[in-house]
Amino acid sequence: MTSRTIVKYSLFAFNIFVWFLGLGLVAAAIWSKTEKGNLMDFNSMKYDPATIVLVVGAIVFWIGFFGWVGALRENILFLQIFAGSLIILFLAEAACGIVVFIMQDKVVEVVQQQMFKAIVSYRNDSDLRDAVNVAQRTFQCCGVSNFTDWQNNRYFQCCNRGIESCGVPYSCCNLELQENLFCGVGVMDQKEIEEICKSESDDYVPMSHLKSGYGDGQVIYNVGCLVTMKQWFTSNLYTIGGAAIGVAVVQIGGVWLSQSLINKIRACLYQRAK
C-alpha cells in the first residue's frame, strides 16, 4: 500500500465521520424546529438552540462533504475547498478566542443580557425553556445573579397573581426534588408582598423574602447561574484549553492530510505528463 493510498483513505474515513456528524446535527435541528411548528421562523435566531445546531451542522456537513468527495475522487478543487474551509474555521475560532480573552467584561455583559432575555422568554419557546432547565440543573443555580431574577418573567412575578406567582422553575429546585414539577411554586414568603406590590418599586421581592429553610439548595438554589458558570469556567480552564488545542490539532491535521494528497496527486499527474 503506497503512502498516497494511506493518506487518501485516512482523509476519506475522517471526513465520512465529519459528514455524518453534520448530517445528524442538521436532521436533529430540523426535527426540533418541525416539532415546534416554526421551521421557517428565525426570529429567535440569537438564542434558539435548534437554529444554532442547524447552522453548526450545515457548516460541518459542508466541510465533510468536500473532504470525503475530494479524497475519494482525488479532486484537487474539492480538496482545496475542504482545506480552505478548515483554515477559515480555524482562524475564526482563534479570533473568537482572542476577542473573548481581551474583552472578558464585555462578553460577560452580553451573556448576562442574553440570560435575562432567556428568563423573559422562558414560557414562549420550548427549546429555550429546555436549555434554561438543563443549565440550571447542571450548574445547580437559579436565575442570573440569584433566584429573584425570575421576577422578570411575568408568570413568576409575585405581583402578577397566578399559579406560578412568587415561584421559580422546577429546575431551580434541589435535584432530589425535581421529580415534582411544582417544587418551585410559592417559594416566596407572602408576608409584606402585598405592600411591595402596592408600592412604586419595580415590583421585586427581595431575597430576604424567600421562605425560611428554602435556600442554599435545601429546596431551591439561590445562587445565580452567571456566578456558578464563571466559577466552573475558572476551575476547568485547563480542560477547556486542552479541548480547544485538541480541536485545533484535528483541524490542522485535516489541512495537512488534504495538502499532502494534493501534492501526491499533482506529482502523479506530472509523472504521467513526462
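Predicted model: local features only at pLDDT ≥ 70, side-chain atom pairs only at ≥ 80, totals over all residues.
I will start with the disulfides. How many disulfides does a search of the whole structure find? The count is three. I will take them one at a time.

Next comes the pair C142 and C172, with sulfur atoms 2.1 Å apart. Here C142 and C172 are both placed in the loop between α5 and α6, 30 residues apart, and the pair is again a link between distant parts of the chain. With 80° about the S-S bond, the link of C142 and C172 is right-handed. C142 has a relative accessible area of 0%, so it is buried. C172 counts as buried too, at 0% relative accessibility.

That leaves C173 and C183, joined by a disulfide with an S to S distance of 2.1 Å. Both C173 and C183 lie in the loop between α5 and α6, so this pair ties together parts that are 10 residues apart in sequence. What is the handedness of the disulfide of C173 and C183? The torsion about its S-S bond is about 115°, so it is right-handed. C173 is buried, with a relative accessible area of 0%. For C183 the relative accessible area is 11%, and C183 is buried as well.

Staying with that loop, I want to point out one threonine. T148 lies in the loop between α5, which runs over 126-139, and α6, which runs over 193-198. Its relative accessibility is 8%, so T148 counts as buried. Which side chain does T148 contact? The side chains of T148 and N146 are joined by a polar contact of 2.3 Å.

Now to the pocket. Rolling a probe the size of a water molecule over the atoms shows where empty space is left. In this model, the largest pocket holds about 1100 Å³ of space. Its lining is made up of 24 residues. Which of them lie nearest the centre of the largest pocket? They are V100, F101, F233, L237 and I240.

Where does the lining come from? Four helices each supply at least two residues of it: α3 (76-102), α4 (104-120), α7 (225-235) and α8 (237-273). Of the contributors, α3 gives the most, with eight residues.

As for the kinds of residue, the lining of the largest pocket divides into 17 nonpolar, four polar and three charged.

To recap, there are three disulfides in the whole structure, T148 is in contact with N146 through their side chains, and the largest pocket has a lining of 24 residues. That is the end of my part.

Methods
Residues numbered from 1 in each chain as written. Heavy atoms only, no water. 1 Å grid on protein atoms, 1.4 Å probe; cavity = no way out; pocket = protein on both sides within 12 Å on 5 of 7 lines; lining within 4 Å. Points joined across faces, edges and corners; volume = space filled by probe spheres on them. Nonpolar A, V, L, I, M, F, W, Y, C, P; charged D, E, K, R; others polar. Buried < 20%, exposed > 50% of the residue type's maximum accessible area, 1.4 Å probe, protein only. Polar contact = N/O pair within 3.5 Å; in protein donor to acceptor, adjacent residues only side chain to side chain. Disulfide = S-S within 2.5 Å.
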